Amino acid sequence: MLKKLRILLASLVLVASILFFIDFSNALPSWLHIFQDVQLVPSFLAKRFFLVGAILLATLLLGRIYCSVICPLGIFQDLLGRIYLRFNKKRHFRYIKEHKILKWSFLAIFLFSFFLNVSFLVGLLEPYSIFGRIFTHIFSPVYLLLNNMLAYGFNFMGNYSLYRMDVYIISLSALIVALLSLLLITVMTYKSGRLFCNTLCPVGTFLGFISKYSFFKVRFAKDKCNSCGLCARACKASCINSNTHEIDYASCVDCYNCLYVCKKNALAYTCKIPSNNSNAVAKNKEPKDAMAISNPSRRSFFTISSMTLVSAASTKAQDVQTRLARKEKIVKLPIIPPGGKSFQHLAKHCTSCHLCVAKCPTRAIKPSLMEYGMAGVMLPMMTYDKGFCNFDCTLCSEICPTNALQKISKEEKHHLKIGDVKFLLELCIVYTDNTSCGACSEHCPTQAVSMIDYKDGLTIPYIEQDICVGCGGCESICPSIPQKAIYIEGFDTHKLAQAVEKKDTEEVDLDGFGF
């Protein structure tokens with residue numbers, strides 16, 4: 001019963017998480033967003049401490065159910081394992097001794113990166129972010145191809161309920177990282193089930209430390225066990241030594257496979273210690289006196305210790321003072337998505353899950369490479385080569401699980417300045433080809449770009465920085481190639497655009513344009 005309930009809940013979480021990343025039409029019900037808000041690291045960064053506390057309390061009581069029911073990357077590994085089993089029904093696991101040095105080393109790297117705001121390393125190790133990048137950059141394009149094939153067939157029959165979407169590589173570097181992550185996960189899952197969770201995953205290591213002292217555990221009844229080894233063969237965490245009746249509770253992910261295969265009922269998921277004290281194991285010794293487990297001081301010690309470790313992470317070191325040196329006008333500063341406040345805020349909170357990249361309806365957000373510097377690799381940034389930031393859209397700030405993009409209203413979005421518009425006269429086709437255009441002015445929602453008299457009946461763009469919000473409508477439509485004549489340049493901190501009265505274009509001094 002426990003295994004069936006776990007599979008049911010895990011299936012719901014996995015399907016909801018996958019659909020949330022690949023759904024380009026945003027047709028999913030909003031309540032499915034709850035599965036993205038209960039992830040441990042994103043919840044901590046978003047200061048949803050009641051959820052963090054609930055996860056830790058559940059781990060202390062029940063063990064690592066987070067890893068088997070809530071974490072989509074862990075559930076995805078279980079799915080891969082079931083696929084392997086389809087092709088090799090004789091496949092089984094074996095007991096593997098805990099890799100203490102390896103797992104604690106990766107946890108130390110994660111924590112140091114977290115303290116120093118090295119978001120690239122944090123994102124590389126954080127499980128939800130790994131899952132997000134895999135489905136955003138690998139499986140989402142495949143889904144779009146299938147959608148386009150169906151749309152073609154439906155449209156041919158006169159049904160236009162489906163529509164075609166452009167399929168392209170959002171970021172080559174992010175795709176490579178996602179492919180390497182998927183390859184690593186696939187190989188480790190094939191070799192030994194949850195090997196990634198129990199060696200490289202910092203969340204698994206941290207929760208594993210707490211689960212060693214959980215109240216409910218899978219326990220041996222030695223008088224019933226005949227050491228057949230079926231439980232060890234079915235254990236995807238490779239944590240059961242049936243010969244010595246040892247269970248590595250730090251590695252156990254509460255999959256309950258062992259309970260399902262044991263024919264002697266020698267294993268039970270219980271809080272009660274058997275009366276013969278037979279399940280005291282060498283690795284994680286149970287107290288010989290049943291009263292010891294209810295010792296308030298001991299329980300308080302472990303609870304306080306786990307909470308202290310989490311609290312230490314909350315008191316992060318002072319932000320790394322990274323100044324982005326302003327480059328020449330053709331080389332633009334990166335543009336932080338709406339709600340990102342500043343590079344420091346983004347680097348401090350973002351784990352590069354790329355949910356905003358996957359959900360942006362106009363494809364205006366993509367992962368950075370070196371635009372933010374080494375510390376900001378894979379952080380989201382605005383780019384207007386495929387589209388622009390919709391004037392009324394606040395989706396990216398609404399779905400961000402870590403509050404790296406803080407939630408903003410449509411009214412706030414209308415005045416939120418995320419970049420400055422720049423105009424290069426020498427690249428404008430009005431100047432180079434003596435032809436009329438005005439596309440940039442037509443696509444500016446705030447009329448920060450207007451057309452003024454130039455010569456021979458032609459008009460030329462004129463920009464007003466004070467009312468530009470940096471949406472990129474002008475840049476995305478500009479016909480000048482390969483370099484846009486008008487473009488948006490970012491800056492460190494978002495500013496509120498101050499509405500000012502437009503100047504009378506007949507009184508504008510054209511000396512500023514070099515005429």
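**A walk through the predicted model**

Strand β1, residues 217-220, is covered on both faces. Lys217 and Arg219 lie on one side. Val218 and Phe220 lie on the other. All four are buried. This is a predicted model, and every value here is computed from it.

Strand β1 has a partner in β4, residues 267-270. The two strands run antiparallel and are joined over 4 bridges.

Now step back to the whole chain. It holds 21 helices and 12 strands. Of its 515 residues, 52% count as buried. Take the contacts between residues at least 6 apart in sequence: 73% of them join residues at least 24 apart.

Next come the helices. Two packed helices are described by the angle between their axes and the distance between those axes.

Begin with helix α1, residues 2-22, and helix α9, residues 127-156. Their axes come within 8 Å and cross at roughly 60 degrees. An angle from 65 to 115 degrees would count as roughly perpendicular, and one under 35 as roughly parallel. The α1 and α9 pair is therefore oblique. Its crossing is right-handed. On the α1 side, the contact uses Leu14, Ser17, Ile18, Phe21 and Ile22. On the α9 side, these meet Tyr128, Phe131, Gly132, Phe135, Thr136, Ser140 and Tyr143. By class, the contact of α1 with α9 has 8 nonpolar and 4 polar residues. No charged residue takes part in it.

The second pair is helix α7, residues 100-115, with helix α11, residues 202-211. Their axes lie 8 Å apart, and the packing angle is about 115 degrees. Helices α7 and α11 are therefore roughly perpendicular to each other. Their crossing is left-handed. Helix α7 brings Lys103, Trp104, Leu107 and Phe110 to the contact. Helix α11 brings Pro202, Thr205 and Phe209. The residues of this contact divide into 5 nonpolar, 1 polar and 1 charged.

The crossing of α1 and α9 is right-handed, whereas that of α7 and α11 is left-handed. The α1 and α9 contact has no charged residues, while the α7 and α11 contact has 1.

Key: Residues are numbered from 1 along each chain as its sequence is written. This is a predicted model: local features need pLDDT of at least 70, side-chain atom pairs count only at pLDDT 80 or more; totals for chains, interfaces and linings use all residues. Side-chain values use heavy atoms; hydrogens and water are left out. Buried means under 20% relative accessible area, exposed over 50%, partly exposed in between (1.4 Å probe, protein chains only). Two strands pair if DSSP finds at least two bridges between them. Axes are lines fitted to C-alpha atoms, for helices over the stretch in contact, and angles run from 0 to 180 degrees between N-to-C directions. Angles under 35 degrees count as roughly parallel, over 145 as roughly antiparallel, 65 to 115 as roughly perpendicular and the rest as oblique. A crossing is left-handed if the near helix is turned anticlockwise from the far one by less than a right angle, and right-handed if clockwise. Contact means heavy atoms within 4.5 Å. Ala, Val, Leu, Ile, Met, Phe, Trp, Tyr, Cys and Pro count as nonpolar, Asp, Glu, Lys and Arg as charged, and the others, Gly among them, as polar.
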